[in-house]
Amino acid sequence: MSRTALRICPLCEATCGLTLTIEGTRVTHARGDRDDVFSKGFICPKGASFGAVDADPDRLRTPLVRRDGELREATWAEAFDAVAAGIRPVVERYGPNSVGVVLGNPNVHTMAGALYPAVLLAGLGTRSVFTASTVDQMPKHVSSGLLYGDANAIPVPDLDHTDHLLLIGANPLESNGSLCTAPDFPGKLKALKARGGTLVVIDPRRTRTAKLADRHIAVRPGTDALLLAAMAQVLFAEGLTQPTPHVRGVEDVADALREFTPEAVAAACDVEAGVIRTLARELAAAPTAAVYGRIGSCTVPHGTLASWLVDVLNILTGNLDRPGGALFPQAATDKTPRPAGPGRGFALGRWHSRVSRHPEAKGELPLSALAEEIDTATEEGEPVRALLAVAANPVLSAPDGDRLDKALDSLDFMVSVDPYLNETSRHADVVLPPPPPSQSPHHDFAFNTLAVRNQVRYTRPAVPLEPGRMAETEILARLILAVTGMHGADPAAVDQMVIDQTLGKAVKEPHSPVHGRDPRELAAQLTGDTGPERRLDMMLRLGPYGDGFGVRPDGLTLEQLLAHPHGIDLGPLRPRLPQPLKTRSGKVELLPQPIADDLPRLRRALEERPDGLVLVGRRHLRSNNSWMHNVPALTGGSNRCTLHIHPEDAERLGVRDGAPVRVKGAGGEVTAPAEVTEDVRRGVVSLPHGWGHDRPGTRLSHAATDPGVNVNQLLDGRLLDPLSGNAVLNAVPVEVAPETAPATAPESPSVTEKLTALT
């Protein structure tokens, strides 16, 4: 007998609602939930493959503990005993910073990953924190922090209402959107064009999104900030600015960008000055408009400046915080909105990494620095001797995986929370596998703060927890207890501690709906079957739409959300300034000092002209980084690890379509099949990320049949955006030659010399 159950898809940022068909305890089919208030039935190939992802036979079902050098199955009690015995001695002997924590991208796709890592970090007290953000979007967090005083205050384009959308370094037809949560992004772009709007795409590749555009600008990789700066200069020079209210520093920005004229940047960007002027004029003339930049404009040498300039253009044209422009979402679990006014602001570099002295950003150190923090001794504190990797595979996602591979082997102890034995978790002394997604509850804490429409949804597990499994929330709660000296305590104590602390602070805040009340009385009102559900109920009640624990009778609670299984629509995005601002001035700080200090580096880029090939990455609709290549339905066809190269470059280098080619960078060399295509501009080659499943000791049987190559092995980790610590993964010089060609000395200057010049 089959049945159906609802589930929010956790496989990308679109967060689509699914209707699952279940036979016994097995998901046999997935389709879009037509009644979902947000996605309205949309589904992509990843969502349609939910059952295959869920039932992957290579998923670990029991913990693994290393004994006599080998990982062997163990009980949960044995696993957490080993964690406590391995981590606590390191903390007590060498201090908390000797324990590193790596948080991977899947953390933001699970309820447990949203609720527990912050508690883990606070309990450990370590500053050795590394996440996937510094190989992805950290420049946007930093620019938002500097502009608005809050690194998580990221405005998103009002896709349903804008008249003019300019995308730079973004390919949402493949990514489904990123830092912009929007089910059916392709449909929204087509609707924009159908209502007479304009779509402009700036990208060195002719992506699926670019093919849909009214105008595609094939910019030279890495020059995004120069192009955006020139557009801003045109707005000032031609009197086209209508700045958003609550902004200070407009004239300072005009002075700072004065020399970035279209003529000055044209040669570096390889975009004609007239085209740049047209882009700026059309943006200013549109009734409403939004500029949106993503990973292609973040993972470049000037990623923070490019992210800043995206918002500068929205601000100068009056499109920030207005319908049809770029607005700040309001999630149901956001903190109680405080009155507008000055805040604490945002600071960079509160501490530095031990070896290369990289400044922290948003409490994190660059993932690129993880290997050296493990394998390099200095007089500045202890190296990282133990590591907790939660849903992270940095051997593939960080630069120079070979070095990190060796560094992980040198650790005193390592714990990995991961459903697979992959390129990173194979090094662990203990592997703690969470259950498949069908057996977990789901609420999108992070992505609702980036959604193009305010809404709230929650789904309980579609399938009961399999015997012998442990809920991911309990795994992380027990991990917190084991590494903080409370091993053996009731894991429910972690949730209760968070509830007590949160309510204790809320009753002391004058703007809180529960100000002055008894936190114990409030805690007694919470509903939910589990600690995580009670925490969700608390956040909903305290949030901007909540009932305030009875203050607003029609307000949101967990019980109300459970009564609406397809979600609750909270309405379109609305103007919110100045309330979200937390800068010390209480205004948008248009030219923060760290940005002003980095502009001379951008001026030097005006004279840079790469004389060889440069590398860019690419995404595929049926992938999400490195964690879906073990599902047959999501690999093969066009989702292959090939090197895209323009026909003219291929002919010049003697590269044939389908033939193997060697690609060499400062960090190493890989060999991949060539795919000759005009979809990439001359002088540019492209390899997708997340591949390289050929290391021994993994249990990824399907991925190993077509492993691809690790594009990040071409990087040595030295090239970073200095403000954010983000790895530079695009616009990287490489050398390409047919595999059959004899190895030759690199042309002068070498790849390493070119990378050094970029820094």
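Reply: Two strands pair if DSSP finds at least two bridges between them, and strands (E, at least two residues) and helices (H or I, at least four) are DSSP runs numbered from the N terminus. The model here is predicted, with local features needing pLDDT of at least 70 and side-chain atom pairs pLDDT 80 or more, while totals for chains, interfaces and linings use all residues. Residues count from 1 along each chain as its sequence is written, and side-chain values use heavy atoms, leaving out hydrogens and water.

Me: How many helices and strands does the protein chain have?

Reply: You'll find 27 helices and 26 strands in the protein chain. Its C-alpha trace spans about 65 × 60 × 60 Å along the principal axes.

Me: How many bridges join strand β10 to β11?

Reply: Three bridges link β10, residues 198-202, with β11, and these strands run parallel. For a pair to look up, take V201: its bridge partner in β11 is H216.

Me: In what order do the four strands form the open sheet?

Reply: Read it as β11-β10-β9-β13, with parallel pairing. β11 (215-217) and β13 (290-293) are the edges, and each has a single partner strand, so one side of each has no neighbour in the sheet. From one strand to the next, the twist averages 15°.

Me: Which strands does helix α13 lie across?

Reply: Helix α13, residues 273-285, lies across β9 (164-168), β10, β11 and β13. It runs at about 135° to β11; axes are lines fitted to C-alpha atoms (for helices, over the stretch in contact), with angles from 0 to 180 degrees between N-to-C directions.

Me: At what angle do α12 and α13 cross?

Reply: Helix α12 (residues 262-269) crosses α13 at roughly 115°, and their axes come within 8 Å. That makes α12 roughly perpendicular to α13 (under 35 degrees is roughly parallel, over 145 roughly antiparallel, 65 to 115 roughly perpendicular, the rest oblique). In the contact (heavy atoms within 4.5 Å), P262, E263, V265 and A266 of α12 meet A273, I276 and R277 of α13. Those residues divide into five nonpolar, no polar and two charged; Ala, Val, Leu, Ile, Met, Phe, Trp, Tyr, Cys and Pro count as nonpolar, Asp, Glu, Lys and Arg as charged, and the others, including Gly, as polar.

Me: How far apart are the axes of α6 and α15?

Reply: The axes of helix α6 (residues 138-148) and helix α15 (residues 303-316) are 8 Å apart, and the helices pack at about 50°. α6 is therefore oblique to α15. From α6, residues including P139, V142 and L147 meet α15 residues, among them W308, V310 and I315. This contact has seven nonpolar, four polar and two charged residues.
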